[in-house]
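Here are my notes for someone opening this structure for the first time. Have the sequence and the 3D view side by side as you read.

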There are 2 protein chains.
Amino acid sequence: MRHDGPVTSQTPLSALSADDLAARLTTVRADYDALKERGLKLDLTRGKPGSDQLDLSNGLLDLPSGLKDAAGTDVRNYGGLDGLAELRAIFADLLGVDAAAVVCGGNSSLTMMHQVLTALLLKGGPDSPRPWSQEPVVKFVCPVPGYDRHFTMLAELGIEMVTVPMNADGPDVEAVRALVADDPSVKGMWIVPTYANPTGAVCSTEVAAELMAMPTAAPDFRILWDNAYAVHHLTGEEIKSADALGLASASGHPNRPIVFASTSKITFAGAGVAALAASPENRAWYLERLGFASIGPDKVNHLRHIEFFGDADGVRAHMRRHRDLIAPKFDAVEEALSGRLSGLDIAEWTVPSGGYFVNLDVLDGTASRVVALAKEAGIALTPAGSAFPHGDDPRDRNIRLAPTFPVLAEVEAAMAGVAVCVELAALESLARD
Amino acid sequence: MRHDGPVTSQTPLSALSADDLAARLTTVRADYDALKERGLKLDLTRGKPGSDQLDLSNGLLDLPSGLKDAAGTDVRNYGGLDGLAELRAIFADLLGVDAAAVVCGGNSSLTMMHQVLTALLLKGGPDSPRPWSQEPVVKFVCPVPGYDRHFTMLAELGIEMVTVPMNADGPDVEAVRALVADDPSVKGMWIVPTYANPTGAVCSTEVAAELMAMPTAAPDFRILWDNAYAVHHLTGEEIKSADALGLASASGHPNRPIVFASTSKITFAGAGVAALAASPENRAWYLERLGFASIGPDKVNHLRHIEFFGDADGVRAHMRRHRDLIAPKFDAVEEALSGRLSGLDIAEWTVPSGGYFVNLDVLDGTASRVVALAKEAGIALTPAGSAFPHGDDPRDRNIRLAPTFPVLAEVEAAMAGVAVCVELAALESLARD
């Protein structure tokens, strides 16, 4: 899944003589100057759908055609805190959970995660000795690299972060075990189980089973299972997510995981529907909290989505249309990086089979420089380190690439430029050593 | 505004002899038995729009016709935390505030109030010495009778409630002053300034000015100004709300009020748009907090509302169509109560010029009995005491009537029944004395 090997005849830069290194630096500086000359204005910063992807869902704009759901509820009025049943059934099918476990909400799963965390802080969960805000310290395990908004949310809420490596099959279980076994202040962890942001890793059923079964010192340990990319396949192999709720229940910790998902990158990123799935006890706890803050979600938008998709297979077919649009952009990233950097031994990157990102690890200590060089050449990249808590990448090597929003020609141009910046920063670093 | 006077020739029940009381009790018991015989199934519990009101907004279902706002933003994608500018302008006009003060959000102003309170608890506001959750006690001033969901939200969040009377011109200012002047644990108060839930009272500019100017021991005192019914007039006299933000700013307490509103009872109750307006410092504080929980509101629904209304005058014209539908229901409440109860000196009730409720005060100690009698006769009323913190009406006399949701004939039938129950409960009570 990672590319860094000598698939071409290029010599690793670290093997170059001082003279060869100086010569190559001169050449690549010229390439970079030529890049700047082009006056690009390109953006690879955020995981946003492109407008061609959004167009796939324009049928929503004329829906709903009816005013009631199958149960006869007028969707225009108040009520129905857990969302329309037919939509819950669709999410249940996609997530591989029981429909009775699901709550459908507003337009943002991030908002649901924040609701869960603030409720844990102010009230505590079903298994909490007290509200988390009354604990001296609360810590979360954060697999890295990870999703920046997960980390900034914890920082905002005063929750400390301890990191573990994100491996190709999920979080490093032994590292997680060591953190949670004896320290009751470690109250939870994040995970993006399928096509993780940013590495594209997929948490295996084995890893998931261990996370759900492992002993934790905290009786109310929570795994926030952000399955944002559950159906966002980039290849014909449509990987099925591990069954977090089932595994947790089987190992006697039914309340450990809370599952989140949304249609943000399925229909409209700003106007989709989010969902949560959890054990009966967690679900009742969440709905009780939610009932003090809401009279119900936007059921018109629920019905709009029910009519648009019909069922879960409608969603799956729709996701294949997304794949047709964005897989070529991911191919362009791979081609640009391989074309310039293979064999140089200064970078490795992922070739994800789903999700929205490519994870690029450059020569240690050069990620910030690459981002700065790219910016000077008119290519916006996510700030170096953003996939780490507090933006602190200890090796300054990680860059998250998001190729979905620009059109294909822009991805090609931007990534050719990024490859130049990666090489230039590496050469500068090696020349200094 | 209140009716209880001897506008008919009926004798006050308290003036009846024991024999006359017994005779009348027999008669009214027969009326009640006849009522039960009818096997009604009517509901006056919640302030929900009727389906004919919802039909007024069915034009929304075919909107938006475009994909972009005036600034060229694609409303289908992420972003725009404070909502679309044209919608903010409409709310600003309706609320009499500067457009720069407004944030447009999701489908619920209740959710925005909850966000503000949880943020004050977990982080503190711009003027807070520390997060409210770190104070030994936090108290809120609650004008009573008031909105049950305001009170249950505070109870959920562990905020204590101290009550003041809600007068015809707003909260009793002297009572509020006495609570807030010396006690720094009194951190805020609720108010529904226009057509209050449930009394219909309108807070005068004089009262509003005093609330904004009064000294408070807490440096971060907040008035949550829930202007849910700002444009919900029931008569041709379209009362303008006091300018909370302007008055607060003029008196040197710009951060004191936070204004809330929504289109829940303007377009679709479950699928409208909510808004918040506040000082520059409060607004920035709110948006910073919100940014950790959301990437932006449903802008498609914002654009849908912009296209539907055009401007604030479009909203005002729309509200007159609502008035045409619901004013007759309020008239029916008045007629049923006056017809049976005027002159008996056992009840008083409001004749609101706006909003969604009629406040009915029955003979002390009989409200619970009235609700129970009504229930037995198939008429659902809001539980007695629900307009008081913890559901505790010390005089057990207050009942909130919500006549908008049933059709007119049902309101007539239900209210005729309620009047019987009010008289029967009073007679039972007087006969015991």
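1. One definition before anything else: a salt bridge here is a side-chain nitrogen of Lys or Arg within 4 Å of a carboxyl oxygen of Asp or Glu. By that rule, two salt bridges cross the interface of domain 1 of chain A and domain 2 of chain A. Asp148(A) and Arg46(A) join their side chains in a salt bridge, at 3.5 Å from N to O.

2. Some ground rules. This is a predicted model, where local features need pLDDT of at least 70 and side-chain atom pairs count only at pLDDT 80 or more, while totals for chains, interfaces and linings use all residues. Residues are numbered from 1 along each chain as its sequence is written, chains are lettered from A and ligands numbered from 1 in the order in which they are written, and side-chain values use heavy atoms, with hydrogens and water left out.

3. Now the domains, whose bounds come from an automatic or database domain assignment. In chain A, domain 1 covers 2-53 + 317-432 and domain 2 covers 72-310. Their C-alpha centres are 31 Å apart. Counting contact as heavy atoms within 4.5 Å, domain 1 of chain A brings 27 residues and domain 2 of chain A brings 31 residues.

4. How much area is buried between domain 1 of chain A and domain 2 of chain A? It is about 2500 Å², with 63% from carbon and sulfur atoms. Buried area means the accessible area (1.4 Å probe) that two parts lose on being put together, summed over both.

5. Which elements does domain 1 of chain A use on the side that touches domain 2 of chain A? Those giving two or more residues are helix H11 (312-341), strand S12 (358-362) and strand S14 (398-401) of chain A. H11(A) gives the most, with eight residues. Helices (H or I, at least four residues) and strands (E, at least two) are DSSP runs, numbered from the N terminus.

6. H11(A) turns up again inside chain A. Arg340(A) makes a salt bridge with Asp31(A), with the closest N and O atoms 2.7 Å apart. Arg340(A) sits in helix H11 of chain A and Asp31(A) in helix H1 (residues 18-37) of chain A, so the pair ties together parts that are 309 residues apart in sequence. Over all chains, the structure holds 51 salt bridges.

7. On to the two chains. Here 51 residues of chain B are in contact with 51 residues of chain A. About 4200 Å² is buried between chain B and chain A, and carbon and sulfur atoms give 54% of that. On the chain B side, Arg76(B), Tyr78(B) and Glu156(B) lose the most area to chain A, together 19% of what that side buries.

8. Six salt bridges cross the interface of chain B and chain A. As for helices, H4(B) gives the most to the side of chain B that touches chain A, with six residues.

9. Last, look at the sheet in chain A. Eight strands form an open sheet with mixed pairing, in the order S3-S10-S9-S8-S7-S4-S5-S6; two strands pair if DSSP finds at least two bridges between them. Strand S3 (102-104) and strand S6 (170-171) of chain A are the edge strands, each pairing on one side only. Strand S4 (residues 139-144) and strand S5 (residues 160-167) of chain A run parallel, joined by six bridges. Cys142(A) has Thr163(A) in S5(A) as its bridge partner.
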